[in-house]
Amino acid sequence: MSNTPELITAYVTEGKIEGYRIIAFGEDKNGAKQATEVTDKLIGISTRVPKDPGEHVDVVRSGLYPVMYGADIKRGDPLTTDAKGRSLHRVCRRRWRRR
């Protein structure tokens with residue numbers, strides 16, 4: 001673990017959340033869920049303790065924190081989530097050009 005301070009926020013779980021997974025906003029104002037789609041609004045990483053629906057989960061929103069990977073990545077790769085909340089290399093299908 002590093003000495004980098006983290007911002008950790010508590011949310012109410014909407015579904016089961018595993019440890020060290022990418023977390024997305026839930027439907028409720030204070031809700032969070034394990035990210036399952038690349039279109040989810042990602043907010044951070046869950047701490048190491050798995051949580052059941054309705055429990056409070058701590059979400060690390062800034063700083064450095066470990067995450068589970070679903071495939072090999074390289075340093076500097078943009079990341080997103082897979083269906084299990086693990087981190088993957090994000091493939092950009094559209095290139096943005098400056099005009």
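**Figure 1. Overview of the secondary structure and surface of the chain.** The chain contains zero helices and seven strands, where helices (H or I, at least four residues) and strands (E, at least two) are DSSP runs numbered from the N terminus. This is a predicted model, in which local features need pLDDT of at least 70 and side-chain atom pairs count only at pLDDT 80 or more, while totals for chains, interfaces and linings use all residues. Residues are numbered from 1 along each chain as its sequence is written, and side-chain values use heavy atoms, with hydrogens and water left out. Read from the N terminus, the elements follow the order β-β-β-β-β-β-β. Of the 99 residues in the chain, 28% are buried, a class defined by a relative accessible area under 20%, with exposed meaning over 50% and partly exposed in between (1.4 Å probe, protein chains only). The chain exposes about 7400 Å², of which carbon and sulfur atoms supply 48%; accessible areas come from the Shrake-Rupley method with a 1.4 Å probe, and for residues only the protein chains shown count as cover. Among contacts in the chain with a separation of 6 or more, 48% are between residues 24 or more positions apart, a contact being heavy atoms within 4.5 Å.

**Figure 2. The five-stranded barrel.** Five strands close into a barrel in the order E1-E3-E2-E4-E5, with mixed pairing, two strands being paired if DSSP finds at least two bridges between them. From one strand to the next the twist averages 55°, with axes taken as lines fitted to C-alpha atoms (for helices over the stretch in contact) and angles running from 0 to 180 degrees between N-to-C directions. Strand E1 (residues 7–13) runs antiparallel to strand E5 (residues 56–62), and six bridges join them; Thr-9 has Val-59 in E5 as its bridge partner.

**Figure 3. Strand E2 and its two antiparallel partners.** Strand E2 (residues 22–25) pairs with strand E4 (residues 42–46) in the antiparallel sense over three bridges, and Ile-23 has Gly-44 in E4 as its bridge partner. E2 also pairs in the antiparallel sense with strand E3 (residues 31–34), again over three bridges, and here Ala-24 stands opposite Lys-33 in E3.

Figure 4. When residues up to four places away in sequence are not counted, Ile-17 touches Ile-23, Ala-32, Lys-33, Gln-34, Ser-46, Pro-50, Lys-51 and Val-57.

Figure 5. Lys-16 lies in the loop between E1 and E2 and counts as partly exposed because its relative accessibility is 45%. Leaving aside neighbours within four places in sequence, Lys-16 is in contact with Gln-34, Pro-50, Lys-51, Asp-52 and Pro-53. Its side chain makes a polar contact with the side chain of Asp-52 (3.4 Å), a polar contact being a pair of N or O atoms within 3.5 Å, of which, within protein, one must be able to donate a hydrogen and the other to accept it, with residues adjacent in sequence counting only if both atoms are side-chain atoms. Lys-16 and Lys-33, although 17 residues apart in sequence, are 7.6 Å apart in space, C-alpha to C-alpha. Tyr-20 is also placed in the loop between E1 and E2, and is partly exposed, with a relative accessible area of 24%. The phi of Tyr-20 is near 60°, a positive value in a residue other than glycine. Most residues other than glycine have a negative phi.

Figure 6. Asp-40 is found in the loop between E3 and E4 and counts as buried because its relative accessibility is 16%. With residues up to four places away in sequence not counted, Asp-40 touches Ala-24, Lys-33 and Ala-35. Ser-87 belongs to strand E7 (residues 87–89) and is buried, with a relative accessible area of 2%.
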